[in-house]
2 protein chains.
Amino acid sequence: MRESYHESLNSVVEDLVKMTEKVQTAVRLSTKALLDADLTVAEQVISDDLALDAQHDDLEVRCFSLLARQAPVAGELRTVVAAMRMVADLARMGDLAAHIAKIARLRYPERAVPEGLVPNFTLMARVAEEMVETAGRSLRERNAHDAARLADSDEEMDELRKGQFRVLMGKDWPYSVESAVDVALLGRYYERIADHAVIMASRVIYVVTGNHPEGENWTIA
Amino acid sequence: MRESYHESLNSVVEDLVKMTEKVQTAVRLSTKALLDADLTVAEQVISDDLALDAQHDDLEVRCFSLLARQAPVAGELRTVVAAMRMVADLARMGDLAAHIAKIARLRYPERAVPEGLVPNFTLMARVAEEMVETAGRSLRERNAHDAARLADSDEEMDELRKGQFRVLMGKDWPYSVESAVDVALLGRYYERIADHAVIMASRVIYVVTGNHPEGENWTIA
């Protein structure tokens with residue numbers, strides 16, 4: 001019985017790692033949909049999000065069942081509790097990728113991001129995708145050191161977002177109001193994906209070390 | 001021992017109700033800061049958010065301790081798990097109110113919301129605040145019926161947000177690009193506060209009935 005309990009717990013963590021890979025793909029494809037104005041890819045991200053939501057529900061039930069039937073303690077309890085939270089973070093990141101894809105779809109055949117901001121969004125999307133990847137790898141390898149590096153990437157994301165605002169708020173915004181609104185919301189979505197990757201990393205640190213990381217770069221929700 | 005366990009669980013729920021009241025105040029005051037361009041109130045919301053974050057940390061530790069020391073089952077396990085999630089929703093709603101206050105502070109002494117959108121934001125803020133109140137009351141009274149009504153309020157919020165976009169995306173937006181960006185983000189923050197109130201209500205339904213509500217108005221994260 002203990003054996004099967006450990007198997008159940010390990011398979012929850014393995015499936016979280018797989019879900020992180022799917023979220024990483026969703027972020028990558030939503031960026032492709034956005035920057036290439038690719039309607040087919042946008043539709044794919046939006047419909048794939050339903051599978052992520054289903055995976056969320058499945059993992060949540062399995063975590064609850066582990067709590068109810070096994071009453072884990074210490075490190076195992078930390079793992080189950082952290083898993084319940086990580087699955088919510090991952091579902092949310094998937095939703096945000098779908099939001100990006102929906103803006104791409106709304107503006108098709110135009111590209112929602114104006115020419116002058118393509119380099120900024122290209123970088124922002126790359127940082128966000130790498131952060132999701134690092135969060136997933138740190139979970140797979142139980143590597144608190146890798147997880148801790150995510151706070152630095154988040155500062156890079158903040159700088160990119162500030163750069164975006166400088167362009168948006170400058171006196172000579174050369175594009176439409178509609179474009180400005182799209183850029184503001186798209187920037188927000190990438191920023192939130194990055195935030196959730198940092199939160200996920202903080203949960204990995206908690207599972208591995210038993211402590212919550214401290215400092216202003218670590219957010220709670 | 002069982003007695004003190006029940007007391008601990010009840011006090012967690014009572015403190016969640018109190019935290020919901022504080023979040024409701026934060027939403028109300030952030031709206032006042034925004035629509036009256038009141039810097040003092042904006043600063044208050046921003047500093048009060050630190051207290052909400054501390055309350056989040058405290059409640060999270062107490063929930064974890066209940067799981068670790070008492071190994072609750074059935075309805076009590078549902079309550080502890082739901083409480084862990086609700087406290088995260090509440091902390092997030094507090095962050096969003098602080099985001100609203102920060103935009104009010106950034107534009108002071110100007111008002112961030114342009115004249116023509118004041119009626120829309122007044123309504124949006126009222127709906128958001130009422131939704132937070134209803135979520136808190138349904139938790140205090142374990143009232144799944146009241147909680148279920150929140151899905152309707154959320155539709156009202158969606159309509160208000162659509163109205164905002166119609167003004168923003170119209171050909172004759174009479175204000176600055178900066179104002180358009182502020183309106184887009186502020187609208188997003190109120191919408192997310194409403195989303196979290198709906199999610200919180202769905203957790204109340206889960207605690208009371210043992211079932212997750214179904215249907216497209218109920219979101220998971």
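How many of the 33 residues of α7(A) are buried? I counted 26 of the 33, so I noted the helix as mostly covered. For buried I used 20 or more other C-beta atoms within 10 Å of a residue's own, for exposed 12 or fewer, and for partly exposed anything in between, with C-beta atoms placed from the backbone.

**Ground rules.** This is a predicted model, where local features need pLDDT of at least 70 and side-chain atom pairs count only at pLDDT 80 or more, while totals for chains, interfaces and linings use all residues. Residues are numbered from 1 along each chain as its sequence is written, and chains are lettered from A and ligands numbered from 1 in the order in which they are written.

**Chain A overall.** I looked up the secondary structure next. Chain A has 7 helices and 0 strands. Helices (H or I, at least four residues) and strands (E, at least two) are DSSP runs, numbered from the N terminus. The radius of gyration of chain A is 19 Å, close to the 17 Å of the globule rule for 221 residues, so I noted chain A as being as compact as a globular protein of that length. That radius is taken over C-alpha atoms, and the rule is 2.2 Å times the number of residues to the power 0.38. The C-alpha trace of chain A spans about 65 × 35 × 20 Å along its principal axes. Buried residues are 46% of the 221 in chain A.

**Helix α7.** I checked the length of α7(A). Its 33 residues should span 48 Å at 1.5 Å a residue, and its end C-alpha atoms are 48 Å apart, which agrees. The expected span is 1.5 Å times one less than the number of residues. After α7(A) comes Gly210(A), with a positive phi near 85°. In chain B, 27 of the 33 residues of α7(B) are buried.

**Core.** Which residues have the most contacts inside the largest nonpolar core? They are Ala128(A) and Ala128(B), in a core of 144 residues. Such a core is a set of buried Ala, Val, Leu, Ile, Met, Phe, Trp, Tyr and Cys residues joined through C-beta atoms within 7 Å. I listed the partners of Ala128(A), leaving aside neighbours within four places in sequence: Val27(A), Met157(A), Tyr190(A), Ile193(A) and Ala194(A). Contact here means C-beta atoms, placed from the backbone, within 7 Å.

**Interface.** Chain A gives 25 residues to the contact and chain B gives 25. On the side of chain A that touches chain B, α7(A) has the largest share, 7 residues. That side divides into 19 nonpolar, 1 polar and 5 charged residues. I took Ala, Val, Leu, Ile, Met, Phe, Trp, Tyr, Cys and Pro as nonpolar, Asp, Glu, Lys and Arg as charged, and the others, Gly among them, as polar. A rotation of 180° with 0.0 Å of shift along its axis superposes chain A on chain B, RMSD 0.0 Å. That is the relation of a two-fold axis.

Most residues other than glycine have a negative phi, and most peptide bonds are trans. I noted a cis bond between Tyr108(A) and Pro109(A), omega about 5°. Pro109(A) lies in the loop between α3 and α4 of chain A. Ala71(A) is not a glycine, yet its phi is positive, about 40°. With 16 C-beta neighbours inside 10 Å, Ala71(A) counts as partly exposed.

Conventions:
Two residues are in contact if their C-beta atoms, placed from the backbone, lie within 7 Å. Copies are superposed by least squares on the C-alpha atoms of residues with pLDDT of at least 70 in both.
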